[in-house]
Amino acid sequence: MANHSERAVVVLAAGAGTRMKSDRQKTLHEIGGRSLLSHSLHAAAGVHPTYLVAVVGHQRDQVSPEVEHIAEQMQVEIRQAIQEEQNGTGHAVQIGLTAIPEFNGTVVVTNGDVPLLTAETIEALVDKHEREAAAVTVLSLEFENPTGYGRIIRDQTGDVREIVEEKDANDEQRKVKEVNSGVFAFDGAVLRDALTRITSDNAQGELYITDVLGIARGDGKKVAAFLAPDARELAGVNDRVQLAEAGKELNRRLVERAMRDGATVIDPATTWIGVDVEIGRDVIIHPNTQLWGSTVIGDGAVIGPDTTLTDMEVGARAKVVRTQGELGVIGEEASVGPFTYIRPGTELGARGKLGGFVESKNAKIGEGSKVPHLTYIGDATVGVESNIGASSVFANYDGVKKHHTTIGDYCRTGSDTMFVAPVTVGDGAYTGAGTVVTQDVPAGALAIKEGRQRNIEGWVEENRPGTDAAEAAKQAREK
C-alpha cells in the first residue's frame with residue numbers, strides 16, 4: 001500500500017445542476033453567507049491536505065473566479081482542473097488527478113454541493129481509511145427511507161462488497177438503509193490504476209467513480225465504509241428546495257453554537273447567523289435578527305428585534321434595535337435605533353447614539369455624541385459629547401462632488417439645522433433651530449439665520465371663512 005502520510009482532496013464542482021433552474025452555476029448558490037462550493041472547500045482545507053484541487057467545468061467562467069477568491073480568503077493554494085466535457089464522476093476524478101500527477105498518498109474525493117459536510121467527518125473518514133490500510137473507504141450514511149440511493153452491501157467481515165444502485169437492487173438489497181454518500185478516501189496508487197480500467201459500458205455511457213470499488217475488491221484489496229455520525233451532513237443540494245433545507249440546518253447549527261458559547265437567542269427560528277459572524281458572551285439577540293458577513297458582536301450587546309447587520313462591528317454592551325447596518329462600527333455602550341439605517345463608513349463612538357429614523361453614511365461620530373432622531377448625516381465628522389438637533393440634514397452633495405462637514409466637541413445644534421458642506425462648526429458652538437449653515441461657525445458662537453417673525457392678524461377668518469379654525473379663532477378673540 002502507498003504511504004498515507006500525505007493527503008490530497010479533490011472537490012468535484014463541474015456539473016451543470018440544471019434542477020436549480022438558474023443562470024448561476026449550482027455550487028455558487030449560498031447558504032449561511034458562503035457559496036456551497038466555499039463550504040465544501042473550507043471543509044476540505046480543514047484536514048490540512050498537501051494538495052487541494054477543484055474540478056471545474058460547466059460555467060467555469062463563473063466558478064474559477066470564485067475558487068480563486070476562496071483561496072485568497074483562506075490563504076491556501078487551490079489547484080484547478082478543467083473538465084471540458086462532463087463524462088461522469090470517474091472522468092471528473094481522472095481530470096482532478098492531472099493537477100497532482102506525482103501524488104500517490106490518500107486521495108479524498110468529495111463534492112461541491114454538500115455544504116454541511118464538516119472537516120471533522122472527513123478527518124474521521126481518512127483516519128479509518130489509513131488505520132485499516134484500505135484501498136478504498138466510502139463515507140456512508142443511514143436513512144430510514146433510503147429510496148433513490150445506492151445501497152452499501154457489506155460482506156460477513158463488515159467490509160464493503162459492492163454498491164448497488166436502486167434500479168439494480170433486489171428486494172433484499174432495497175431493505176438496506178446504509179447508502180453511498182458519494183464521498184470517498186482512496187489509496188492514490190490504487191485509484192490511478194483503477195481509473196485506467198473503468199469503462200463507460202453502462203446505461204448513461206459515463207465513467208463512474210463507484211466502479212473503482214469493484215476493481216479494488218476484485219484485486220483482493222480491502223474496501224471499507226465509515227458511517228457518518230450525522231446523515232444531515234451529507235445532504236446534497238440539487239434544487240432550491242434542498243438549498244433552503246440545507247440553509248435551515250446550517251443556521252440551526254450556528255444559532256446553537258452561539259447559544260452554547262454564551263449568547264441568549266430569544267427565538268432561534270427567526271434568527272439567522274452567517275458562518276463568519278462572531279458573537280460574544282451574554283449577548284441577547286431578539287427575534288427577526290440577521291447577522292451576516294464578518295459581523296462581530298461584543299460581550300453583553302443587545303441586538304434586535306427586526307435588525308439586519310452585515311460586516312458590522314458592535315461594541316460591548318451596545319444596544320441596536322430595528323436597524324439596517326452595513327460596513328460600520330458601533331462603539332461600546334452606544335445606542336442605535338429604532339428604524340436606523342447605517343451605511344458603509346459609519347463609526348459611532350462609545351456611548352454615542354444614532355436614534356430613530358436616522359440615516360448615516362461615511363460619518364465618524366465621537367464618544368458620547370448623539371444624533372437622536374429624524375436626521376441624515378453623511379460625509380461628516382462629529383467630535384465628542386456633541387448633540388445634533390432633530391430633523392437636521394448634512395447636505396453633502398452639490399450635484400457633482402461630495403463635501404465634508406466637521407462638527408467640533410461639545411456642540412449643540414438646533415432642530416432642523418441644515419449643514420451645507422463644506423462647512424466647519426467649532427468646539428462648543430450652537431446653532432439656532434431652522435438655521436441653514438453655509439459658513440464656518442467659530443468656536444463658542446451661536447449661528448442663526450432668520451428673518452424677523454411677522455404676524456398677520458385676522459388672516460384665517462378672512463381667508464378661511466367657515467372652517468373650524470376660523471370659528472375657533474373667532475371664539476378666542478371674543479373671550
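# Briefing: salt bridges, helix packing and a surface patch

The side chains of R477 and E461 meet in a salt bridge, 2.7 Å from N to O (a side-chain nitrogen of Lys or Arg within 4 Å of a carboxyl oxygen of Asp or Glu). R477 belongs to helix 10 (residues 468–478) and E461 to helix 9 (residues 459–463), so the pair ties together parts that are 16 residues apart in sequence. The model is predicted: local features need pLDDT of at least 70 and side-chain atom pairs count only at pLDDT 80 or more, whereas totals for chains, interfaces and linings use all residues. Residues are numbered from 1 along each chain as its sequence is written, and side-chain values use heavy atoms, with hydrogens and water left out.

**Salt bridges**

- The structure holds 33 salt bridges in total.
- Salt bridges that share partners join D230, R232, E249, R252, R253, E256 and R260 into one network.
- D306 forms a salt bridge with R322, with the closest N and O atoms 3.0 Å apart.
- D306 sits in the loop between strand 18 (302–303) and strand 19 (307–310), and R322 in the loop between strand 21 (319–320) and strand 22 (323–326), so this pair links parts that are 16 residues apart in sequence.
- Both partners are partly exposed: D306 has 35% relative accessibility, and R322 has 33%.
- E359 pairs with R343 in a salt bridge whose closest N and O atoms are 2.8 Å apart.
- E359 is in strand 28 (residues 359–365) and R343 in the loop between strand 25 (340–342) and strand 26 (347–348), so the pair connects parts that are 16 residues apart in sequence.
- E359 is partly exposed at 24% relative accessibility, and R343 is partly exposed at 25%.

**Helices** (helices, H or I of at least four residues, and strands, E of at least two, are DSSP runs numbered from the N terminus)

- Helix 1 (residues 36–45) is mostly covered, with 9 of its 10 residues buried.
- The buried residues of helix 1 are L36, L37, S38, H39, S40, L41, A43, A44 and A45.
- The axes of helix 6 (residues 188–195) and helix 7 (residues 211–218) come within 10 Å and cross at roughly 105° (axes are lines fitted to C-alpha atoms, for helices over the stretch in contact, with angles from 0 to 180 degrees between N-to-C directions).
- Helix 6 and helix 7 are therefore roughly perpendicular to each other (angles under 35 degrees count as roughly parallel, over 145 as roughly antiparallel, 65 to 115 as roughly perpendicular and the rest as oblique).
- Helix 6 contributes V190, L191, A194 and L195 to the contact, and helix 7 contributes V212, I215 and A216 (contact means heavy atoms within 4.5 Å).

**L191**

- L191 is in helix 6 and counts as buried at 0% relative accessibility.
- Not counting residues up to four places away in sequence, L191 touches V93, L97, V107, F186, I209 and V212.
- L191 and L207 are 16 residues apart in sequence and 13 Å apart in space, C-alpha to C-alpha.

**Surface**

- V393, M418, V420 and V436 make a nonpolar surface patch of about 230 Å² (patches are made of residues with over 30% relative accessible area and no salt bridge, like charges being joined within 9 Å and nonpolar side chains (Val, Leu, Ile, Met, Phe, Trp, Tyr) within 5 Å; accessible areas come from the Shrake-Rupley method with a 1.4 Å probe, and for residues only the protein chains shown count as cover).
- V436 lies in strand 38 (residues 436–437) and counts as partly exposed at 33% relative accessibility.

Conventions. Buried < 20%, exposed > 50% of the residue type's maximum accessible area, 1.4 Å probe, protein only.
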